[in-house]
Each structure stands twice: as C-alpha cells, then as structure tokens.
2 protein chains.
Amino acid sequence: MNKQVLLAERPIGLPSESTWIHQIAKIPSLSNGEILIKNQYISLDPAMRGWIRDGKSYIDPVDIGAIMRAGTVGEVIETNNHPKFKVGDFICGWGGVQQYTVTNGDGFHIIDPTKAALKSYLGIIGMPGMTAYFGILKVAELKEGDIVLVSGAAGAVGSLVGQIAKIKGCRVVGIAGGKAKCDYLINDLGFDAAIDYKNDNIYSGLKAHCPKGIDIFFDNVGGAILDGALTKLRMNARVVICGAISQYNTTTKLKGPSNYLSLLVNRASMKGMVVFDYKQYYPKAIADYMKWTKAGLIKSKEDTYEGIENFNKTFLRLFSGDKIGKLILKVND
Amino acid sequence: MNKQVLLAERPIGLPSESTWIHQIAKIPSLSNGEILIKNQYISLDPAMRGWIRDGKSYIDPVDIGAIMRAGTVGEVIETNNHPKFKVGDFICGWGGVQQYTVTNGDGFHIIDPTKAALKSYLGIIGMPGMTAYFGILKVAELKEGDIVLVSGAAGAVGSLVGQIAKIKGCRVVGIAGGKAKCDYLINDLGFDAAIDYKNDNIYSGLKAHCPKGIDIFFDNVGGAILDGALTKLRMNARVVICGAISQYNTTTKLKGPSNYLSLLVNRASMKGMVVFDYKQYYPKAIADYMKWTKAGLIKSKEDTYEGIENFNKTFLRLFSGDKIGKLILKVND
C-alpha cells in the first residue's frame, strides 16, 4: 500500500491540512518499461509553494487532485523490462509526495550512495546545491573580493552560496532568523558576519556589517529584506532573485522592492534565475562540491523529519524558519 | 541684471512656487579666466526632481539657496582671458536656471548652431538623446527582431528609444498619455502601436499590442505601468530602469514593482543606467543621430515655453504630461 499526498485545493495564504488529500492507494502492477521506486527521502523546497499556485510560471502548476510534485531519492524495487534501471538501483527524480512511485523513469537518474549520502542528492549535490552554485558563480558573476550579502543564509541554498563566496575570497554576510542560525553561519560555516532579522533591525545590521555596501545580494526572501539590501548596493552591484519566501503566502498584493531605483543610481542589475537552465553543467558543479567537501571547505546540513503524515507541518517549517539547512521528509525506512 | 531661480526648500510632493526663490541679481565682473554666458534655452528634465531631493544619488543634490541646476545652451558674451571660449561662441553645459551664467567654463563645450538647431543640443544630441541611445543599444542590448515596449514614449527619451528600435528592425509599442500623443507615436514617429494609459487599461493594451510578450521594456515611468509590463516579459527579457516619473512626487513610500518575480520566471534582468557613464562614446551617438536625421529616419521635437518667471509651471508639465517631446524653457532672446 502506498501513502500519497495529493493537492486538494490552491491555498490562500499558508497551506494547511485542508490543502492536501492524504490517501492510501494500492500499488498498480507495472506496465512494460516501468519501474517501482520505494521512496526514502522527499525534498521540501520553497519553490513547491509556487508550484501549487495557478498561472504561468517556469513550470506547470500541480493540478488539483494530482500527487504533489517533489524531488525524491529512493530505491528501485521492481522493474518490468526497464531498459536503464534495475532492482537495487538508487535513483533521484520527481517521485512526488508518496511512499512509492510507479514511473517509466523519465527524469530520473541513478545516484551512488557510496559516493555521497543519499540525502545529499536532494541537498548539496541536488537542486539546492545547483541553484547556489550557478546562482552565485554564473548569474551573480562573483569575483574575488566582492562583498556578498545572502538572505535565507541558513537555508539549503543560502548556506552554500555564502560558503562558495568564501572559497572564492569574498566577504560574506548572511541574513537569517534567530541567534542559533546566526551562530551557525559564523561558527560552523565561516561567514564573516550575520544579521538576525528576527531580533535585530535589518538597517542597523546592514550598517554595522556592510559599511562599504555590497557588490552582490543573493536573495531568497524578498520583502523588507530586499528593500533593505537595495539601499546598500555599490556601483555595478548584482542582485540575484532566487526566491521570495517572505512573499509566497501573502494574501494581499505581493510587495515589490520599493527601493528599486537604487538600481538606477548604482548602475546595478537585478536578475532572475531558474536552476534547470544549467542542467548540462551540473556534473562540473557536483565535482566541485565533492572536492570542496573532501577538502573541508564546505559543509552541508540536512534537517530531516519523518512520516508522510507530517508532510504539511514539516513543509510549513520552510516558512516559519523552524529548520536549518536542507529540509527533508523521510517517508520509508 | 540676471533673473535667477534658486532652490528655497525641498518639496514634499509636487514642487510649487514656494519651492523656488526668484531673484534678480547684478551680474558680477569677471575674474581672470571666467566667461559670461547669455543663456538662451534651459533644459527641463524629470531628473531635476531627483536633484532637489536630499540624500545619496548619482549626483549631489542641489543645496538649499543654490541656483537650480539645469542644462543650458547660450552664447558667450564676455570673457576675461578664457583660454578656450571666446565671445560669440555658443556653448552647452550646466548653466543653471538663470538668464546669465558666470563660470570658469568647466563642464561646458562649444556647439555649432550651423550643424544643428541650438535646442537640439538639449534634446536629440544632448542628454535625452544620449540616454536613449546608450539605454536601448548598450543597456538593453537591443537585437533585430526584439519586441520593444517603451513608457513615457512621447517624451524626449522615450520617443528616441522607440525610433532607434524601429531603425534596428524591431517591433515597437509605446505607452503614452492621451490620444494626441499616441497618434503622434504612430503617425509621426512610426511606432507599431501605442497604448494610451490615461484612457485605456494598461493590461488590455498590453494584451492587444504585445500578444507575444516583450523582449525589452524601457521604463521612464515606474508604478502601475512597470507592474503591467513585467507581466509580459519573454524569456531573457531586459528591463531598463531609466526613470520613474510616476513616483518622483510621491508623498508616501515609493511603489516597488510588485510583479518583480517575473524576472525569476523569465530569467530576465532589470538594469539601472546613468547616461554620464557613456560620455566618451557621445561623439558616435551624435554622428548616428545626425546621419539618421538627414536620412529622415528619426524625428525629434521640442516643446518650448518662454520666460524664466514661468519656470515652475513649465517644469510641472513634465509630471502632468502636458507636453510632447523635449521640454525647453527660453529665458533670453
């Protein structure tokens, strides 16, 4: 039997239990060319909030009544003449929020649990890792000596962005919520400074830690933090719009960056990115992450919760900030 | 005697008569190396609203009690051993809002009234012309076949942006206020379509005239028009932030572009610009404008009012939209 989570309705504001249908389905027998995956870990990402919103985006929305889209890692436990995958393979792909996935394997790829922990295929060497890598190196065009500000800095993407910038010889300031996260950024990840937006004023924090302004702002958050960061741009600064988690559950009009004219004054740019555009370069990023990890130059952390029943309340940790690093849900042993 | 306009106070909202001090000053005798310019035309530009605002920008604000900064063209009528300028030279520079300027000549350059009309040195071959040229060709990275949307399209900058894009083989849609301006864009300047934001809904206008979206949005306006344009970005679109005239007189917090996440979805960029950065390339732009004008490929229009006493009410035409093309004040015969 397969526990699954389906989209019941498009939420207004924060998703709640009524956003989802929990159902237990019988696993169908496999057609020719199909496989059955036992999913172990499900990736919980801020982007998922976007996927349940109606309307045009970089990817089609999840349909009402469909299994909620999610990245997964799991093990192939049955195949019906699949040309590529065999029983015992660990594979990563879009398995969705369910314990078992029946698929023809499109969009899945084999991963090697002896080379890296299974979970890291959803984190540092998965989508968040790729987002951080190409976001800071390609989109932001990071240069040695840049002053880099990162929001959502203790998150899956932000924590890697900051560490890559440190490896490349930059000054890095992170914005995160709460003392524990800020301590983690400085003591564990080697950030130069951290601003605790939940307890400190963002403007005084920026004044204290970015007195010379910033060359790059890597934004996962939007809202008041983006507004604050814009006041600190140096000439030719680059703002990367990776996400806007503070705005994803708004029930009023999304708050635009009211200090955007700082782009004009400082000849700065604000650029959007979607990680899938860099797919062909993922192997290079993975190789770099492996090398940096081995050399002790970069750390990644997963925050893992258990039980598909807990999907909604675990998902909400993304928005309350009640997690550090990559958020993962374990759905099978 | 020299009629001058000085900044009395920093206005909240629209400037009014009390923003300015009108005074009549005696023209001082020239020190060694100085010249006396009889100003003929004064340039009125949206950027001037920014210059009387306090705070850090791309240029120092005009001090309270100082002569209002403005671009001017005029004739040298006296010199005291100036090494470069002689009586009878026509020169262009920062003469300020006054009938006569005494200066050592820094920042002024000789212009040739036989090559182009005096006024055009404040328009097509002056600052607005340079802004349009480098904004659309360099900052927006215009390519043949692009779909280009321009706001403030009947203004000094916007009208040239659109015409350059037409010369380069693009589809061009302008946004302007009122039927007269929209007719002017299509019938006189050769725009493909025009949206009258004062009488039509901006979203239906965009739907009708930009059904395939836009590759470039050249924005002089900000506010609701920027919000609307962002919903129409195509992949890798470029938004040039040249100005935000709808926001310059706001007495509440400036309205940021609430649809800015369209940058993310469409991997688009939003870039600021300041024309002074391109100073070394002005001669190329001027040569191109001369060539295009001679070939009948580009038109420019000045809207000229008279009398330094009318400075404030003429300046306000920029914000009411009650002018077409480059706004100029004639202050001497």
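This is a predicted model: local features need pLDDT of at least 70, side-chain atom pairs count only at pLDDT 80 or more; totals for chains, interfaces and linings use all residues.
1. How do the two chains relate?

2. Next, the contact between the chains. Chain B puts in 25 residues, and chain A puts in 25 residues. On the chain B side, α7 (262-265) and β13 (269-272) each supply at least two residues. Which element gives the most to this side? β13(B) does, with four residues. By class, the chain B side holds 14 nonpolar, six polar and five charged residues.

3. β13 also forms strand pairing across the two chains. Strand β13 (residues 269-272) of chain A pairs with β13(B). The pairing is antiparallel and runs over three bridges. One facing pair to look up is A:K271, which stands opposite B:S269 in β13(B).

4. Now chain A alone. Chain A is divided into two domains: domain 1 (2-123 + 300-330) and domain 2 (127-276). Domain 1 is thus written as two segments, because the assignment lists 2-123 and 300-330 together. The C-alpha centres of domain 1 and domain 2 of chain A lie 28 Å apart.

5. The two domains of chain A touch. In this contact, 18 residues of domain 1 of chain A meet 16 residues of domain 2 of chain A. On the domain 1 side, α1 (47-51) and α10 (317-320) of chain A each supply at least two residues. That side has seven nonpolar, eight polar and three charged residues.

6. Helix α2 (residues 127-139) of chain A deserves a check. A straight helix of 13 residues would span 18 Å at 1.5 Å a residue. The end C-alpha atoms of α2(A) span only 16 Å.

7. Is α2(A) enclosed or open? It is largely enclosed by the rest of the structure, because 11 of its 13 residues are buried. Among the buried residues are A:M127, A:P128, A:Y133, A:F134 and A:V139. Just after α2(A), A:E141 takes a positive phi of about 50 degrees.

8. Phi is worth a second look elsewhere. Most residues other than glycine have a negative phi. A:N236 is not a glycine, yet its phi is positive, at about 60 degrees. A:N236 lies in strand β12 (residues 233-241) of chain A. With 13 C-beta neighbours inside 10 Å, A:N236 counts as partly exposed.

9. Phi of B:N236 is near 60 degrees, a positive value in a residue other than glycine. B:N236 is found in strand β12 (residues 233-241) of chain B. B:N236 is partly exposed, with 13 other C-beta atoms within 10 Å.

Notes:
Residues are numbered from 1 along each chain as its sequence is written. Chains are lettered from A and ligands numbered from 1 in the order in which they are written. Two residues are in contact if their C-beta atoms, placed from the backbone, lie within 7 Å. Ala, Val, Leu, Ile, Met, Phe, Trp, Tyr, Cys and Pro count as nonpolar, Asp, Glu, Lys and Arg as charged, and the others, Gly among them, as polar. Two strands pair if DSSP finds at least two bridges between them. A residue is buried if 20 or more other C-beta atoms lie within 10 Å of its own, exposed if 12 or fewer, and partly exposed in between; C-beta atoms are placed from the backbone. The expected span of a helix is 1.5 Å times one less than its number of residues.
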